[in-house]
Amino acid sequence: MITSKQLAAGVCALLAALTAGIAFPAAAVAGEPTGGTAPKVDLVLDVSGSMRTRDIDGGTRMAAAKQAFNEVLDATPEEVELGIRTLGADYPGDNQKTGCRDTAQLYPVGPLDRTEAKTAVATLSPTGWTPIGPALLKAAGDLDGGDGSKRIVLISDGEDTCAPLDPCEVAREIAAKGIGLTIDTLGLVPNAKMRQQLSCIAEATGGTYTSVEHTDELTDRVNQLVDRAADPVVTPVATQGATECAKAPTLKSGLYTDREEFGQQRWYRVDVQAGQELRASVSVAADRTVNPDYGTLLRAVTVHGREIVRGEAAGIGRTDVISTGLRYPKPERDDDDSDKPAAETVCLQVTNSFSAASGVKTTPGLPLELTVDVVDGPSQASDVASFGLGRGWWLLGALILTGFLAGLVWGWLSRWRLAVWRTN
């Protein structure tokens with residue numbers, strides 16, 4: 001999911017909804033806030049040899065991490081199930097193949113026993129490699145199951161040392177599974193290469209990246225992320241659009257997530273009753289490097305291919321997410337239309353014009369979030385008005401008339417003053 005910036009994801013769809021002048025449904029069939037299952041957090045800590053470096057508040061990076069963890073464990077909300085995973089904690093040798101398997105669950109994800117967790121953290125000693133990619137794969141397994149929020153908080157002081165397994169690609173694969181997992185990353189005394197890698201991991205799942213250089217900053221940020229996991233979230237429902245409307249899935253009101261290849265079209269179907277209004281919005285996120293000048297198009301068309309309405313947006317590389325939306329009110333049936341079907345199937349087409357930068361993988365596709373809301377329509381379909389201005393046309397007309405009259409009065413005063421000047 002997107003989370004995204006699920007964040008990723010619910011926020012982007014909400015922004016798109018506001019852009020289109022729409023809002024989420026009061027009670028959605030899909031994508032409702034989750035609350036039945038306890039939120040889960042897996043803290044993934046880099047315990048590689050570089051964590052011995054003494055450059056954080058006069059102590060080692062490991063000492064700063066331990067202090068932060070102890071304070072975070074004390075402040076963890078009761079409803080949060082928390083676990084701790086390490087990477088590079090056990091193997092001190094030079095064999096890369098062995099070092100890149102060095103990740104272990106220090107404390108299992110579940111109800112928190114603070115004393116036991118602190119004891120486990122106290123035993124850690126900086127040792128070996130930095131297998132970020134393998135650790136993320138294992139951490140995703142630690143959080144498997146349940147429909148509550150899932151969050152990985154990765155803390156590292158260096159880039160991955162287990163190429164060719166790219167942590168960014170691992171994060172994209174995790175996001176593509178649609179399990180609603182967000183990865184947040186924190187870099188201890190970061191360099192440019194590490195910052196780029198950790199940012200990429202976070203962006204792939206709608207998470208956040210934070211640079212940390214002091215112990216109190218680390219404590220505060222991890223606490224914020226753990227607390228955030230306890231907040232109710234809107235979990236998008238995974239769906240898969242089709243290549244044509246006839247084969248598309250039929251969606252109810254709710255929030256959905258999908259993946260769309262570069263330049264691909266995705267189709268979805270929505271049933272709209274007479275007297276109802278369809279409100280839809282879409283957000284497509286560039287979770288990898290793309291070429292500038294791109295856009296996304298959302299079209300509502302009939303099953304026969306006639307376009308009803310469209311929404312489109314373009315970007316030039318200054319944002320990672322691009323959103324657009326549309327509205328379609330279906331008029332009430334007249335008595336003369338009693339022989340016509342009460343419901344109409346509307347086909348939603350999502351198209352993007354992103355293109356991958358040189359050397360960037362095009363799979364999995366770009367994360368897509370689609371909001372669908374079918375509500376009671378306005379009293380008359382004409383209330384949506386021409387050019388999308390709705391009842392704002394009345395205000396626009398009043399402003400134009402006021403400006404015209406003001407111009408006449410100003411012109412008359414100017415001529416009168418000129419005449420008086422000439423007379424004098």
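Author: What follows starts with one arginine and then turns to the salt bridges. This is a predicted model, in which local features need pLDDT of at least 70 and side-chain atom pairs count only at pLDDT 80 or more, while totals for chains, interfaces and linings use all residues. Residues are numbered from 1 along each chain as its sequence is written, and side-chain values use heavy atoms, with hydrogens and water left out.

Arg 221 lies in helix α8, residues 215-230 (helices are DSSP runs of H or I with at least four residues, numbered from the N terminus). Arg 221 is buried but has no salt bridge, the nearest side chain of opposite charge being Asp 184, 5.1 Å away. Here buried means under 20% relative accessible area, exposed over 50%, and partly exposed in between, with a 1.4 Å probe and protein chains only; a salt bridge needs a side-chain nitrogen of Lys or Arg within 4 Å of a carboxyl oxygen of Asp or Glu.

The whole structure holds 16 salt bridges. One of them joins Asp 157 to Arg 61, with the closest N and O atoms 2.8 Å apart. Asp 157 lies in the loop between β7 (150-156) and α6 (167-176) and Arg 61 in helix α2 (residues 61-75), so the pair ties together parts 96 residues apart in sequence. Asp 157 counts as buried at 7% relative accessibility, and Arg 61 counts as buried at 10%.

Lys 118 forms a salt bridge with Asp 74, the closest N and O atoms being 2.5 Å apart. Lys 118 is partly exposed at 27%, and Asp 74 is partly exposed at 46%.

Terms used:
Helices (H or I, at least four residues) and strands (E, at least two) are DSSP runs, numbered from the N terminus. Lys and Arg count as positive and Asp and Glu as negative; His and the chain ends are not counted.
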